[in-house]
Amino acid sequence: MSRKTAPSPTSQTLGGWLAERPYTLAMSSGFFGFYAHAGVLWALEEAGVPPAAVRGSSAGALITGLWAAGLSATAIANELLGLKREDFWDPHPGFGLLRGRLFHERLERMLPERDISRCRVPVKISVFDTLSRKTRILEEGSLTHAIRASCALPFLFQPVWIGKKPYLDGGIADRSSLTFAPPGERTLYHHLLPNSWWRKKNGASVQIPKRDELTTIAIEGMPRVSPYALVRGKTALEHAREITRKRLAEPLNRL
């Protein structure tokens, strides 16, 4: 009778590694990168290796928050593919072009669960405290406000008030969403490669973190999506989904 042995670290696939034990899915910030995040999550769900916990910053907070609240990856993808600029475009005088009310109302309609502490898996959302100028991790309270605050890109969206404090985009000081992750937490991290003109390609904020028990997916060749180019979102989603499918079947040492 043949004896089964555990796969070596060099031959084990990413899908096999994820299936071994519970893991946390972390998703970075990135300008309108939520389409790519949705594609990655969709591939994970299809493969039967969903995360046991999630954390995210900005675009990553949107996708992980929606999923943790109970939406399937398919439902999230369908919502994004039907998104139009007028669905969230509400210019209003203030410290940012957009008031954010339309975004807030859309989130309220989409979220099956609006209380962070009642989500189906633990969720941690990075936001930027404008008064202390430090990152804060939201683990309780309104999921709607948390997602909206984490996505409040300076100058595009106005700050979001939670309690008596105004918050902005979590990616300002915690692009990876991993700044306050526990050491050694078993994590799959989807890193959105920068394609913004104002970000330095080799800047510290865009470097992939090095941590024990961290495996990273970073996908090249993503189209640049923006409020005026939402049509590219479908291509971004499908590309990320297909590449993640392939990565799940590849050995860990090739990632």
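Tutor: Two strands count as paired if DSSP finds at least two bridges between them. Keep in mind that this is a predicted model.

Student: In which sense do β2 and β3 pair?

Tutor: Parallel, over four bridges, with β2 spanning residues 53–57. Here Val54 is across from Val123 in β3.

Student: And β6, how many bridges join β3 to that one?

Tutor: Two bridges, and β3 and β6 (residues 165–168) run antiparallel. Asp129 has Tyr167 of β6 as its bridge partner.

Student: Why is β3 called largely enclosed by the rest of the structure?

Tutor: Because six of its seven residues, 123–129, are buried. Buried here means under 20% relative accessible area.

Student: Switching topic: how many aromatic pairs does the structure hold?

Tutor: Seven. One of them is Phe32 with Phe34: the ring centres are 5.2 Å apart and the planes are at 50 degrees, so this pair is tilted.

Student: Are Phe32 and Phe34 buried or exposed?

Tutor: Both Phe32 and Phe34 are buried. Phe34 also pairs with Tyr35, with centres 5.1 Å apart and planes at 35 degrees, so that pair is tilted as well.

Student: Why does Phe34 count as buried?

Tutor: Because its relative accessibility is 10%, and the cut-off is under 20%. Tyr35 is at 1%, so it counts as buried too.

Student: Which residues do the ring pairs link into a cluster?

Tutor: Phe31, Phe32, Phe34, Tyr35, Phe88, Trp89 and Tyr228.

Student: I spotted Trp89 in there. What lies over its face?

Tutor: Arg85 does, at 4.9 Å from the ring centre.

Student: Which ring does the charged end of Arg186 sit over?

Tutor: The ring of Trp17, with the charged end of Arg186 at 4.1 Å from the ring centre.

Terms used:
Residues numbered from 1 in each chain as written. Predicted model: local features only at pLDDT ≥ 70, side-chain atom pairs only at ≥ 80, totals over all residues. Heavy atoms only, no water. Phe/Tyr/Trp six-rings, centres within 6.5 Å; stacked < 30°, edge-to-face > 60°. Buried < 20%, exposed > 50% of the residue type's maximum accessible area, 1.4 Å probe, protein only. Lys NZ or Arg CZ within 6 Å of the ring centre and 35° of its normal.
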